[in-house]
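User: I am new to reading protein models. Could you walk me through one, feature by feature?

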Amino acid sequence: MTDYAEEQKNELEAIESIYPDSFTVLSEDPISFTITVTSDAGENGETVEATLKFTYVEKYPDEPPLWEVHSQENLENNDMDDVLTLLQQQAEENLGMVMIFTLVTAVQEKLNEIVDLMKNRREEEKRRKEKEAEEAEKVAFQGTVVTIENFLAWKAKFELEVAEIRRKKQKEEEQSGKAKLTGKQLFETDRNLDTSDIQFLEDAGNNVEVDESLFQDIEDLDLEDDDPDFDPLEMGSDED
């Protein structure tokens with residue numbers, strides 16, 4: 001017949017000697033105690049920690065002890081779930097044998113794995129942010145992709161803006177009384193423009209100087225006319 005109380009007492013003494021700084025007895029009936037488990041330090045000195053609470057049941061170790069995570073540091077919810085799942089698995093594999101040391105050792109290894117995962121998580125987060133920054137820079141560099149639809153929309157908007165600018169400019173000129181006239185409007189306004197050059201020559205008399213180098217030699221021109229009395233110099237001096 002198994003003496004459960006004796007086995008529990010012996011294990012408790014062994015556990016206290018193995019974990020003197022992290023072992024704490026909470027009660028003696030039923031026997032309940034905590035063991036604080038801390039991971040090894042990670043690359044940047046970070047650690048995770050879990051304080052496990054165990055309570056012996058009457059027929060322990062033929063039946064598993066009760067356990068819970070009494071407190072924790074730097075563990076996420078999914079990490080806590082992994083620890084509890086691990087405890088359940090290890091307890092089922094070690095039924096019939098005292099198992100607290102085995103359970104605590106398994107959790108210790110799990111916490112070390114979590115610290116390593118934290119490094120991977122940071123690296124993945126860094127890569128994700130870098131990728132997002134690259135995508136944002138690429139979008140900013142490429143600008144808006146031109147399609148037929150957005151080009152036509154831009155063209156219509158541009159034409160409206162140009163028309164509005166012209167309308168405002170014309171209105172300003174009309175208000176200032178300085179509207180520019182076209183050549184036809186100038187001619188219709190002043191009928192003397194067609195004879196102004198001739199009048200200028202008559203008024204100047206023989207004082208008009210002409211730079212002959214600006215004109216071809218009259219003899220080099222290929223002029224064909226049947227009239228032997230044709231004089232090109234008299235062109236333009238005839239009046240209607």
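Predicted model: local features only at pLDDT ≥ 70, side-chain atom pairs only at ≥ 80, totals over all residues.

User: What is the order of the strands in the open sheet?

Analyst: Start with the terms. Helices (H or I, at least four residues) and strands (E, at least two) are DSSP runs, numbered from the N terminus. Two strands pair if DSSP finds at least two bridges between them. Here 4 strands form an open sheet in the order E1-E2-E3-E4, with antiparallel pairing. Strands E1 (23-28) and E4 (66-73) stand at the edges with a single partner each, so one side of each has no neighbour in the sheet.

User: Which helix packs on E1 and E2?

Analyst: Contact means heavy atoms within 4.5 Å. Angles run from 0 to 180 degrees between N-to-C directions, using axes fitted to C-alpha atoms, for helices over the stretch in contact. Helix H1 (residues 4-18) packs on the sheet and touches E1 and E2. Its direction makes about 30° with that of E2. Helix H2 (residues 77-93) touches strand E3 (49-55) and E4, at about 150° to E4.

User: Which residues of H2 are buried?

Analyst: Buried means under 20% relative accessible area, exposed over 50%, and partly exposed in between (1.4 Å probe, protein chains only). In H2 the buried residues are Asp-79, Met-80, Val-83, Leu-86, Leu-87, Gln-90 and Ala-91. They cover an arc of only 130° around the axis, so they sit on the same side of H2. That arc is taken from the directions from the helix axis to the C-beta atoms. The face turned away from this buried side carries the exposed residues Asn-77, Thr-85, Glu-92 and Glu-93.

User: Is Ser-39 buried or exposed?

Analyst: Ser-39 lies in the loop between E2 and E3. It counts as buried because its relative accessibility is 6%. Leaving aside neighbours within four places in sequence, its contacts include Thr-47, Gln-108 and Val-115.

User: How many salt bridges are there?

Analyst: A salt bridge is a side-chain nitrogen of Lys or Arg within 4 Å of a carboxyl oxygen of Asp or Glu. By this rule there are 4. In one of them, Glu-132 joins Arg-128, with the closest N and O atoms 2.5 Å apart. Both lie in helix H3 (residues 100-142), 4 residues apart, about one turn of the helix.

Definitions and conventions. Residues numbered from 1 in each chain as written. Heavy atoms only, no water.
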